[in-house]
Amino acid sequence: MRVASSVLRGAVLGLGMIGRHHARILQTHPEMELAGAVDPAGDRYGAVRDPELVFPDIASLLAAPGGPPDFAVVAVPTEEHLPAVRELAAAGVHVLVEKPLATDVVEARELIAAVRGAGLRGAVGHVERFNPALIEMRRRLREGQLGDIFLIGTERVGPFPDRVRDVGVVKDLATHDLDLVRWLGGAPVERVAAETQHRMGRVHEDVVLAVGRLENGRAFNCVVDWVTPTKVRRTRVLGERGMLVADTLTADLTFYANAQVPTGGWATVQAIRGVAEGDMTRYALQRREPLVVELEAFCALVRGDEDAPVVTLEEGLETVAVAEAVLESAASGETVQPRVST
C-alpha cells in the first residue's frame, strides 16, 4: 500500500454530472491535488483547468509523468465500475466508487475482492450521508431524542435526470434511501416489499414504492421517482417523543415534539391539528458541501484513519443487495429478504 503524503493526489474517472464536481474540489482543496481526469468524451463541461490532465483512458492516466495517483474517484456508468476498479487496484490506487457500488451483488463482491486483495482502501460515494441535516439527525437519534423509533420514511422525487442510461430509478436514486434507512435505523434490512412503474417507455423502472422492516424491528418506507415535475428530498423519522424531518435540498432539520395541548373545546381546531401537537424547532446547522466532507473523510481513510466516517465497500454491497430485493419483490409480488452473502 502506498504511503500517503499530506497532500493527496486524486484522479477522477468520468467528468459527467458528479465527476466534474469531484474535479472542482480536487483543484481547490488545500489537502488535495488533481492528478488527472479520465473521460473518452473529453472535458465537455470545462471542469479541468489544465487540458494536459485530461486522459482518454485509465492506462494513459497511470502512465502520466506524475505516476499513478494516490486515489481515484470512479464516477463512470455503473456497468463500468468493476473493470475500472480492477485496473486501478492493479496499479495500487485507492478507490472511492460512486454509488451504486456495482450493477449487481456478484460484481460488487468481485470489486471488493479486487480492492481487498491488493491491500488497498475503498469506499462508496453515498453522498447523502454527508448532508449536514442528516448527520445532525443521526446524532440526535443516537442520543435518544425521539426515544423508541417507529418509522423511517424517505421521499426522493423529481424530473428525469437525462444523464441516466444504464439503470432505473431503484439503483440510481433509491440506493440513496436504502442506504439511509439502514444508517439511520441502525440495522440491516430484514425484508422489503415493493411496487414499480414503467411510465417513460424505457426498459428500466421510473417509479418505486418500497416498504420494509429492519432487523431491529423498525419499519421503513421509500417513495422514489423521476417523473415528478418538482424536486423533493425529504427524510423523516417518527418516534415516541415526536418526529425529526430533514430536507436535504436546503440542509434543514426540524423537530416536531409530541405534547398534550388543550384546545379549549374548539372542536374544529382539534380535528385539524389533533391533540398531540407540540413545539416545532428548526435547528441552526453549520452547512458545508457534502461532497467536500465526503472527500475529506475518504482522504482520512487513505491516510490510515480506520475510524474515518466513510461508507464502506461492504455497506455498498449490502445496499446493492437490497436494491436487487426491491426489484425482485416488484417483479414477483412477494416480500423478499435481501441476499448479501453467497
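Predicted model: local features only at pLDDT ≥ 70, side-chain atom pairs only at ≥ 80, totals over all residues.
**Exercise 1. Overall fold**

Describe the secondary structure of the protein chain, and judge its radius of gyration against the globule rule.

*Solution.* 
- Step 1: the protein chain contains nine helices and 14 strands.
- Step 2: its radius of gyration is 21 Å, close to the 20 Å that the globule rule gives for 342 residues, so the chain is as compact as a globular protein of that length.
- Step 3: the C-alpha trace spans about 80 × 45 × 35 Å along its principal axes.
- Step 4: of the contacts between residues at least 6 apart in sequence, 69% join residues at least 24 apart.

**Exercise 2. The second largest pocket**

Give the volume of the second largest pocket, identify the helices that each supply at least two lining residues, and sort the lining by class.

*Solution.* 
- Step 1: the second largest pocket holds about 230 Å³ of space.
- Step 2: helix 5 (132–142), helix 6 (169–185) and helix 8 (290–302) each supply at least two residues of its lining.
- Step 3: the lining comprises seven nonpolar, one polar and four charged residues; among its members are Phe130, Trp183, Gly186, Arg138 and Glu315.

Note on methods. Residues numbered from 1 in each chain as written. Heavy atoms only, no water. 1 Å grid on protein atoms, 1.4 Å probe; cavity = no way out; pocket = protein on both sides within 12 Å on 5 of 7 lines; lining within 4 Å. Points joined across faces, edges and corners; volume = space filled by probe spheres on them. Helix = DSSP H or I, 4+ residues; strand = E, 2+ residues; numbered from the N terminus. Nonpolar A, V, L, I, M, F, W, Y, C, P; charged D, E, K, R; others polar. Rg over C-alpha atoms; globule rule 2.2 N^0.38 Å. Contact = heavy atoms within 4.5 Å.
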